[in-house]
Amino acid sequence: MIDFHCHLDLFKNPIDAISCADKSGAYILSVTNTPKAYPTTARLAKNCKRIRTAVGLHPQIAHLRQSELPLFDHLLDETNYVGEIGLDGGKDYSKFVEIQASVFSSILKKCAEKGGKILSIHSRHAASKVLDHLEKNPNSGTPILHWFSGSVSELNRAIDLGCWFSIGEPMLRSSKGRAHIAKMPQCRVLTETDAPFASGEDIVKSLKHTIEALGHIWNISSIETEKKLNNNLRFLVK
Ligand code: MN
């Protein structure tokens, strides 16, 4: 199983969460919302061979944490994974759109300087703008749009730009989400929980539901679905 977007450091008990995640046998991308959270979060998972930690700066707090950008740049040498980053155009955050854009742009440029990273990207109410940034920074790495909720034309543009997608239970519950998933290239799809936010703290249960529902859309068994997802991950991280 693969959870390519999970906030292990924000569980009620991160130490238990990481040990539980490790025992589950799932491959996990443990994303962080601030550069300052990265060292501790990475240290917790350092003996877990299937957990990778990403350094992030969440767009919803970009205006509060932009002073951590130098730390972000410094930490980029320690990991190939970046997230959670991106833009949020929701009504509580759109007033910080310029700060978000400058933070996101600075991160993408640094990633390009470092030869490209694997990026877990938030694009809520801002898919077109996120895609503009990715288009301007083609060497920033492989973008994985997490919980994509844009329009059909934004989805098509994301596919044309080579984006990957990580999908979870909330997308599978909505008919628009399922229609989007059906259009995504199957070789560029991974699963996620966004735990503890989107699907509670039981990662395994959530991933099982997600794999099963995804198999329904792809019209294949859960076993075949998992095989495809594992191949995708292998290709991505090779
Ligand atoms: Mn998240």
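Visitor: At what angle do helix α9 and helix α10 pack?

Guide: Happy to start there, with a note that this is a predicted model, where local features need pLDDT of at least 70, side-chain atom pairs count only at pLDDT 80 or more, and totals for chains, interfaces and linings use all residues. Residues are numbered from 1 along each chain as its sequence is written, and side-chain values use heavy atoms, leaving out hydrogens and water. Helices are DSSP runs (H or I, at least four residues), numbered from the N terminus, and axes are lines fitted to C-alpha atoms over the stretch in contact, with angles from 0 to 180 degrees between N-to-C directions. Helix α9 spans residues 175-183 and helix α10 residues 203-218; their axes lie 10 Å apart, at an angle of about 65°.

Visitor: Which residues of α9 and α10 make the contact?

Guide: Contact means heavy atoms within 4.5 Å. From α10 come Leu214, Ile217 and Trp218, and from α9 come Arg178, Ile181 and Ala182.

Visitor: Which residues coordinate the manganese ion?

Guide: Donors are N, O and S atoms within 2.8 Å of the metal (3.2 Å for Na, K and Ca), and sites may look incomplete because water is not among the atoms. Along the chain, the donors follow the spacing H-x1-H-x76-E-x109-D. At 2.2 to 2.3 Å, the coordinating residues are His5, His7, Glu84 and Asp194.

Terms used: Helices (H or I, at least four residues) and strands (E, at least two) are DSSP runs, numbered from the N terminus.
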